[in-house]
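Work through the following exercises with the sequence and the model side by side.

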Amino acid sequence: MQTTQRPAVSEAVAKSRKKRELIKNVVAYSFIAPNFVGFAVFTLVPMVMAVALAFLSWDGSTNNPITFVGIQNFIDLFQDAKFRQALINTVAYAVITVPLTMAASLGLAILLNQQIRARNFFRTMMFFPYVASMVAVTAVWNMLFNPAMGPVNMILSGLGVENLPRWSVDNNWFICMGTVILFSIWKFMGYYMIIYLAGLQGVNPDLYEAAALDGASPWQRFWYVTLPQLRPTTFFVTVMLTIQCFKVYDIFLMITNFGPGGKTRVLVGNIYEAAFTSRKFGYSSAIAMVLFVLVLIVTLVQFRGEKSMNE
Amino acid sequence: MKEKSGITGGRIAVYVILILLSVLTIIPFAWMLSASLKLNKDVFAWPMEWIPSNPQWANYINIWTKIPLLKYIGNTAILTVVVTLLQLLTSSFAAYAFAKLRFWGRNLLFLGYIATIAMPWQVYMVPQFMMMSGMGLNDKLIAMVCLQAFSAFGVFLMKQFYDGIPDELCEAARIDGLSEYGIWAKIMLPLSKPSLATLTIFTFVNTWNDFLGPLLYLHTDSKKTLQLGLRMFIGQYSAEYGLIMAASVVALIPVLIVFLALQKYFVQGIASSGLKG
Amino acid sequence: MKKLMKKAMALMLALLMVAGLAACGGPSGEESKAPEATKTTESKAPEGGNEPAGDEEVTLKWAVWDINLTTYYQPLIDAYVADHPNVKIEMVDLGSADYQNALITQLTGNADLDVVCVKDIPGYANLVKGGYLADLSGEGIDSAPYGGTIEQITVDGKFYALPFRSDHWVIYYNKDLFDKAGVDYPTNDMTVAQYDELARKLTSGTGADKVYGSHFHTWRSAPSLFAVLDGKNTVVDGNYDFMKSTYEWVLAEQNDGICQDYGTLKATNTHYSGVFFNNQVAMMNMGSWFIPTQIEKVKSGESQATNWGIVKYPHPEGVAAGTTLGTITSVAVNEATAKKDAAMDFVKFVGGEKGAEIIAKTGTFPAIKSGAVLDELAKMDGFPTDENSKEALSTTQVYLEMPMHDKAADIEGVLNEAHDGIMTGAMTIDEGIQKMNDEVGALLG
């Protein structure tokens, strides 16, 4: 901008710029609208209702009154041993599952990004658990890890292992939780492998050639070229995986059924139970809000991280 | 160009690791297939027979009469196709705006989407269910479409891909006189084929395999989806290991076919220069 | 800041109200857009209201579970429709595993169900609390033939469901496995200790040939409720010390391999019927609802346990034979249905004498039990022919698995979890009982 411009001209420029700005906004919103309207009606509105519910007491019946109870639901929450247990389990599950799955999927992606025979075949194999139906594969998993007759324990007993693990019903928390974690890694690593593969496609091959010319070892190439280049992908994978772990429900339902004795309860299981067994919808929403805040914190931390990474 | 050196030690190690991992990954499916051809009493026989000496093909016939499997598959197929198409269209559209346009409230709206990914569906399923019922959508497949077609995931994924496409490309097109819609249709869509393929697979799989949504919404037998039917089958015939595994195999086959068909295109798409800019 | 909060809260509440209204099908502008389902209901309401036996078409939706495994739904419908040709009855199968949850969720969403089955007492208590069920006490139903079951579900002088089935627990046994082991069949007067002893005698084999003497399904009621048969305690009292000895002998059986391991059964989601069908267990304690299933599956060839019988439930020392556990299953009318009169008429039929006869013909125990009904049951084609089996159908004292209690569902949740902990060994018996005492104590205040 030149400071010598006459006022009238700059006013006209400002006006037309304003108009252009408006058109720009309208166009942008026309892009967003088809998705956003559906999203708003079927997700946002019920979600706002869920938030409101956390401050209410209601048994879910339209015949009974809804009363405003302020933060009473949240006060109750922190006196609830089941909630604490579920919170600890959910966080522990995420803390263990996220890095392991990420390492597995990144490793697979790097192996399968090389010029090798039958590459597509291997990729398909690795991806297959992800496409497989949860209902079907948990049924198989439960058979494989059947404590009495399952082949896994048959092999272990053949290897001379005494005190065979009882997997999904073992009274050792690490084993029943481990059964679920093992399943989760197996089920999800293919998914994140594909994301990493897509990310690897974006890595500039010139960088590898430059690194090779500098005499970098494969490990150095991975550490100094691949990983930094994959940062946006890693960000994406971390967020998605963490969220996936926090909102886990069906895996636990179908493998441990939150047992034994409630040892593997997770937050969403409590939400479900509070709503549909105890008919305490307000309380159930309060648990949900805690979960939501947890996930939001993780997301915001990552968001920030990415921003500073890009600057 | 990658070096095309012959067989080295490293290369062999890669193959060995890959084969080992593949075998581990695929064992549960091999077991499923093998068990689906056995009598219940032989399923857990040890040492196990990977290839049953007396294959029970009848298992694959019986499951069709025990539950209306064909109906379930049909429902699921319709649902999946509709949801996937809607998801692709609306997500790529919205993602373009988020990635390449500057407008009022952009970050706020996008944060809204991210928050949705975070919010487990169980949080709002009850108010959502009540609302849908009020709209007369209860026990209708269309309810599942509304539930799944506008997920934030699609927008997020597409935006991530679009972010990788340099802004200069769009700027150049604008200078050439293309409208934003034109840029989306003529530049972004062709460039984002790999990500579209990716989203197709993810959406297809998620919808095909969704269990909790149908559990809440669909209860008339003629409207049930495959997963719901399979779960009910497992509950009712839990000792029928052979039959359960046969039904599971049947539930996997359609998704495998679609995946294999798309996968070729999908890998091609990733390998093409689309994402390298 | 405070003002903003208040404003936001008001907005959310308003949204909630809107949703509530929409769900109620209130006369809002949006109604006109609602698809046929709602429209037909509303247009029919005024006419169908007064004359249930009128000529115009009525379709009733009936919420049930396990259509495939249940033998009496269709005969009931056929008989009713034969007398009421203008009525169509559609069953909605909500599955057995999560039936009560699914049902109450459907009713919360005002699904257009007209008649519903009520599976258990906790579910009934929740439905009544939520005001989902229509009051039946003013419908001129005589409670006398129901053997006291209506009284047990009456709340504040009103009852909201009509029992149509009333089952009690018996012992099913596999005669072939007894013969093979050379052990005499069980009798109708057996103490719990004798049952345990017998189970131990019948256990044999390993691997695929293993025969278990007894079988406890994963439900809490299957093993633990032997403890209430002496009539001294109930499971809603808040103190569970009395359950210790029962858990001790059950766990001992499990540790000794007399019954299948709870954890394994749970891990594989094993249904009790399959275990019995496949000749894996010699004796199994289960409700009388399993009789028609077993008869039918023997006929279809699915059950290989073709030579079987039943005897009365084992009882604690000093308690009369024929003391057992019971459950009732009832039908009710959705309070929100627009076809209340038609629904009421069908409910009275299912729960009434005619319904009882039809139910008895399928081998199932109706709530109205006359001597004729019991004879009918024993005469059924496929019912064991020995005298003991017939005699096992009668009872002297029946305790409900879960008595009616305002907090029945919550109490049951606690007990189930503690049961799971005890049976898997995640908790010792004492820890489990402590958990029950503490948590139920907290619930009861």
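**Exercise 1. Determine how many residues of domain 1 and of domain 2 of chain B are in contact, and describe the side that domain 1 contributes.**

Step 1. In this predicted model, 9 residues of domain 1 of chain B are in contact with 8 residues of domain 2 of chain B, two residues being in contact if their C-beta atoms, placed from the backbone, lie within 7 Å.

Step 2. On the side of domain 1, α1 (9-35) and α2 (40-43) of chain B each supply at least two residues, and α1(B) gives the most, with 3 residues; helices (H or I, at least four residues) and strands (E, at least two) are DSSP runs, numbered from the N terminus.

Step 3. By class, this side of domain 1 of chain B divides into 5 nonpolar, 3 polar and 1 charged, where Ala, Val, Leu, Ile, Met, Phe, Trp, Tyr, Cys and Pro count as nonpolar, Asp, Glu, Lys and Arg as charged, and the others, Gly among them, as polar.

Step 4. The domain bounds, which come from an automatic or database domain assignment, are 9-56 for domain 1 and 61-275 for domain 2 of chain B, and the C-alpha centres of these two domains lie 31 Å apart.

Residues are numbered from 1 along each chain as its sequence is written, while chains are lettered from A and ligands numbered from 1 in the order in which they are written. Because the model is predicted, local features need pLDDT of at least 70 and side-chain atom pairs count only at pLDDT 80 or more, whereas totals for chains, interfaces and linings use all residues.

**Exercise 2. Describe the fold and the extent of chain A.**

Step 1. Chain A has 13 helices and 2 strands, and its radius of gyration, taken over C-alpha atoms, is 26 Å, well over the 19 Å that the globule rule gives for 311 residues, so chain A is more spread out than a compact globule; the rule is 2.2 Å times the number of residues to the power 0.38.

Step 2. The C-alpha trace of chain A spans about 90 × 70 × 30 Å along its principal axes, and of its 311 residues 46% count as buried, a residue being buried if 20 or more other C-beta atoms lie within 10 Å of its own, exposed if 12 or fewer, and partly exposed in between, with C-beta atoms placed from the backbone.

Step 3. Chain A is divided into domain 1 (7-53) and domain 2 (73-310), with C-alpha centres 36 Å apart.

**Exercise 3. At what angle do the axes of α3(A) and α10(A) cross, and which residues meet there?**

Step 1. The axes of α3 (residues 81-111) and α10 (residues 231-246) of chain A come within 9 Å and cross at roughly 145°; axes are lines fitted to C-alpha atoms, for helices over the stretch in contact, and angles run from 0 to 180 degrees between N-to-C directions.

Step 2. Residues of α3(A) including Thr90(A), Tyr93(A) and Ala94(A) meet residues of α10(A), among them Val237(A), Leu241(A) and Phe246(A), and the contact has 8 nonpolar, 5 polar and no charged residues.
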